[in-house]
Amino acid sequence: MSSSIDTQAVGHAARFRQIFSQYKIIALLVAVALIWLYFWHATDGAFLTSRNISNLFRQMAITGMLALGMVFVIIAGEIDLSVGSLLGLLGGVAAILDISRHLPLPATIALVLLLGAAVGTLNGLWVTWLRVPSFIVGLGGMLAYRGVLLGITGGSTIAPSSDAFVVIGQGYVSPATGNVLAVLILALLVFITWRRRVARQRLELKINALWLDAAKLVAAGVVLFVFVHVLNDYGGIPVPVLLLLGLLAVFSFIASQTVFGRRIYAIGSNIEATRLSGINVDRVRLAVFVLMGVMCAFAGLVNTARLAAGAPSAGTNGELDAIAACFIGGASMRGGVGTVHGALVGVLVMASLDNGMSMIDVDAYWQMIVKGLILVLAVWADVVSSGRRR
Amino acid sequence: MGTEPQHAVVDGDACLLRMRGISKSFAGVVAVDGVDLQVRAGECLGLCGENGAGKSTLMKVLSGVYPHGSYGGEILIDGVPLHAHSVADSERAGIAIIHQELMLVPELSVTENIFLGREIRRFGGRMDYPAMHQRAEALLRELGIDGIKVGQPVLHYGSGHQQLIEIAKALGKQARLIIFDEPSSSLTATETRTLLAIVADLKRRGVACVYISHKLDEVAEVCDRVTVIRDGRHIGTQPMAELDTHRIVTMMVGRELGQMFERKPHAIGEVMLEASHVTCLDVVNPRRKRVDDVSLQVRRGEILGIAGLIGAGRTELVSAIYGAYPGTWRGELRIDGKPVRVRSPQAAVRAGLCMVPEDRKHHGIVPLMGVGPNITLSVLGHYARAGVIDGNREAHAFHHEMRRLNVRASSPMLPIASLSGGNQQKAVLTRMLLPEPKVLILDEPTRGVDVGAKQEIYRLIFDLAARGIAIIVVSSEMPEVLGLSDRVLVMADGRVCGDFINDGLRQEDLLAAALALPHRIENA
């Protein structure tokens, strides 16, 4: 009774913010819809053809993979500027293994992923063990990895990739497979919802109204089938898009359901309190950087496959797009806040702007200006609406 | 309950400050409800109430944190309405607030801090250091403070001195009304004496003071009148002469408080924790020893109090034992007879040793997380299989714990930062109980915690001891040390300078030991 007043007063504000942050993702999706509408209008409908949508998602895949890793780094209160260069380096290594060494595809993929994890570990050890701020480690890596890439490629593009390899970046899943996948995913969603309802009923916790859960499932189903249908119209779901969606599921799961994910948020919110609670914070932070390295490997593989070549300039400024996407998606500079799906919607915003502006022949310099403005405006909207000061 | 507001007669015109019918609500929830408050020049008004009673909100209204128009009622300074739109406005009207958490910039010098925002400038915006130093020295001299060099960075001084620097800063702004918000919460007994003497001196010089404190003996000593608020409402204002601390507590909680310390008999068993020859070197200056060859033992079911002045090395000692000391340290540790190497809190928890740190805000809570997840943070693995959390089992666990320790929050997902200090502390305590420690270290377990929660925490500590946990309590509040402990160690200057069985032990004994020369070792 004694403490109820202050608690409730702040509680209300907090609940309001909670509600807002829950629906922030909807505000973002509305923003995407507006952007699409605008480009649809400006391109006389060309923007919303299945061919362009398919392209758009494919373009999104690479930055999306970086953003998935980056959002954990940012939630943990760190930053990694080296990912663009690392993407280039790992893509270059993939090209060398594939083209010069003629390694079979599984071996190439495994080696590149391992190398990504190794470089991520290196970055992470600099940060956790040697206590160099991650900003500096990233800045150093950005220069050094690009340097290594130039060294091993001799500054020239390595081409052409083997046909098997190119599938990672340019291939499509057959429409039939796409449909089957959609049905399976929907079945899985229904199953999860049903199981949650049963579990909550048993524990006498609050259950959503049946119609609400049903409506959510129907909505998910509609989105899923429209998505698959549109992509099937243009050859099927692109392999990199499928890969990205798979990784999205994995990362969302880590963030919301695992001990590791919870600890990332705890560390970003208050690393000292987390450490004093008996948690090995350095191990968690190291793991976050390792994951980031692995995501660079995925992105590097897809990028090289998409271009069918390893280019020395690949991935330049990739880190900036990924970081911008995380912040547009609601992650906080101070750590402790952010979502995986938010980061991906952030990527969707950026990719839509890139794609749409290119279609209506906006000069490259204007594209940069607009993207820069959107980033700052998005974070400003976030600051204003969440009532955070400073 | 049922106490009608009682007003000591005060001639309204003679008042420096009159607050009339102040109301403030947040999102429809009333935090302060029609509170009246008057302070005369040269008077010290005590403002008492449990945490969450609305004291801070009231003072934030007064100091301009909540701008005019965002609250109801009116504020008169010398009979003139004050319409402050910012802290700067209220400062201009002569109101200064000294926060519980000191607001100095550690890297800047004492002078620079005192003049922050109103530097004396010379042509071209250069700072006039000689003039500022001179003025700063004069201010400190006026307060009768020795031992502060105005050119030194503030971080060289402990929180006691920093508080005095804050007061000098307030006086430098020509403050006529100074609000002290829990001023002694991080001060040692001697520093508190200095502070109280300075408040008395301020009164003599016609400065009005508002003294907010949970430490009622201080309120009784320095305040002329006391206003008690509870649940945002004005419960009463009476001259101190007609009150005693017991009566204030009754007004604060609205019920008669029984004994704060309901001691339970608990069996004391074999030695559970033995730390030998612990020495901690200062982080910045490794030649200085913060803890100098300290050895201690705690037995199963025993509550060991560690008393001492701030800077005596108590926190350093216990954080070294817990593996959390940031600097270099050495020493040996045995838990339950087995030698253990504790080089990190993680290792400590695994060895059955848990600690609730002193600084709740920076080292205790994970602010953005809900209360529930804060509680399960240390043992999340218990509710997980292969690293995947079973959300239902976790929710069940924190619901259960929150009920058991009476952690009051409308939802376990409410960010812990929005709770009162008492509820935060109970949550952090619960977190460190879930690993089921054999040894529990509590560093200032009731700092910034209201009376009700304090009593609950004391009861819990006795329960834990009765369950056979060895407990170390570090506290700057002598009554707390005496009320809780079976045995008391007194530290001064990094060494143990007193080891007492708590049997008829008095505060004076502890204080005498803490002030005694470091080489003298007593045994009672």
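These legends go with close-up views of a predicted model.

**View 1. Helix H9 of chain A meets helix H14 of chain A.**
Here we zoom in on two helices of chain A, H9 (residues 239-257) and H14 (residues 340-359). Their axes come within 9 Å and cross at roughly 145°. Those two values matter here because two packed helices are described by the angle between their axes and the distance between the axes. On the H9(A) side, look for Leu244(A), Leu248(A), Phe251(A), Ser252(A) and Ala255(A). Their counterparts in H14(A) are Val340(A), His341(A) and Leu344(A). Sort the residues of this contact by type and you get six nonpolar, two polar and no charged.

Tyr172(A) lies in the loop between helix H6 (163-170) and helix H7 (175-202) of chain A, while Tyr234(A) lies in the loop between helix H8 (210-233) and H9 of chain A, so the pair ties together parts that are 62 residues apart in sequence.

**View 2. Tyr365(A) and Trp366(A) make a tilted pair.**
This aromatic pair has its centres 6.0 Å apart and 35° between the planes, which makes it tilted. Tyr365(A) is partly exposed, with a relative accessible area of 49%. Trp366(A) is partly exposed as well, at 42%.

**View 3. Four aromatic residues of chain A gather in one cluster.**
Which residues belong to this aromatic cluster? They are Trp36(A), Tyr38(A), Phe39(A) and Phe47(A).

**View 4. Two charged ends sit over rings in chain B.**
In one spot, the charged end of Lys24(B) sits over the ring of Tyr66(B), 4.5 Å from the ring centre. In another, Arg343(B) has its charged end over the ring of Trp329(B), 4.8 Å from the centre.

**View 5. Ala159(A) and Pro160(A) are joined by a cis peptide bond.**
Check out the peptide bond from Ala159(A) to Pro160(A): it is cis, with omega near -10°. Pro160(A) belongs to the loop between helix H5 (134-153) and H6 of chain A.

**View 6. Ala386(B) and Glu444(B) have positive phi angles.**
Ala386(B) isn't a glycine, yet its phi is positive, about 50°. You'll find Ala386(B) in the loop between strand S18 (384-385) and strand S19 (388-389) of chain B. Glu444(B) isn't a glycine either, and its phi is also positive at about 50°. The loop holding Glu444(B) runs between strand S20 (439-443) and helix H15 (451-466) of chain B. Ala386(B) is exposed at 80% relative accessibility, whereas Glu444(B) is buried at 5%.

**View 7. Asn303(A) is a buried residue in helix H12 of chain A.**
Asn303(A) is part of H12 (residues 281-307) of chain A. With a relative accessible area of 10%, Asn303(A) is buried. What does Asn303(A) contact, leaving aside its neighbours within four places in sequence? The answer is Ile62(A), Leu87(A), Ala314(A) and Gly315(A).

**View 8. Strand S8 of chain B is covered on both faces.**
Five of the five residues of S8 (residues 177-181) of chain B are buried, so this strand is largely enclosed by the rest of the structure. Leu177(B), Ile179(B) and Asp181(B) are buried on one side, and Ile178(B) and Phe180(B) are buried on the other. Strand S7 (residues 95-98) of chain B runs parallel to S8(B), joined by four bridges, and Ile95(B) has Leu177(B) as its bridge partner. Five bridges link S8(B) to strand S9 (residues 208-212) of chain B, also parallel; here Ile179(B) stands opposite Val210(B).

**View 9. Six strands of chain B form an open sheet.**
Follow the order S17-S20-S21-S14-S22-S23 (chain B) across this open sheet, which has mixed pairing. At the edges are S17 (353-356) and S23 (495-501) of chain B, each pairing on one side only. From one strand to the next, the twist averages 20°. Strands S14 (residues 303-308) and S21 (residues 470-474) of chain B run parallel and share four bridges, with Gly305(B) partnered by Val473(B). Helix H14 (residues 421-433) of chain B packs on the sheet, touching S17 and S20 of chain B, and its direction makes about 170° with that of S17(B).

Technical notes: Residues are numbered from 1 along each chain as its sequence is written. Chains are lettered from A and ligands numbered from 1 in the order in which they are written. This is a predicted model: local features need pLDDT of at least 70, side-chain atom pairs count only at pLDDT 80 or more; totals for chains, interfaces and linings use all residues. Side-chain values use heavy atoms; hydrogens and water are left out. Axes are lines fitted to C-alpha atoms, for helices over the stretch in contact, and angles run from 0 to 180 degrees between N-to-C directions. Contact means heavy atoms within 4.5 Å. Ala, Val, Leu, Ile, Met, Phe, Trp, Tyr, Cys and Pro count as nonpolar, Asp, Glu, Lys and Arg as charged, and the others, Gly among them, as polar. Rings of Phe, Tyr and Trp (its six-membered ring) pair if their centres lie within 6.5 Å; planes under 30 degrees apart count as stacked, over 60 as edge-to-face and the rest as tilted. Buried means under 20% relative accessible area, exposed over 50%, partly exposed in between (1.4 Å probe, protein chains only). A charge sits over a ring if NZ of Lys or CZ of Arg is within 6 Å of the ring centre and within 35 degrees of the ring normal. Two strands pair if DSSP finds at least two bridges between them.
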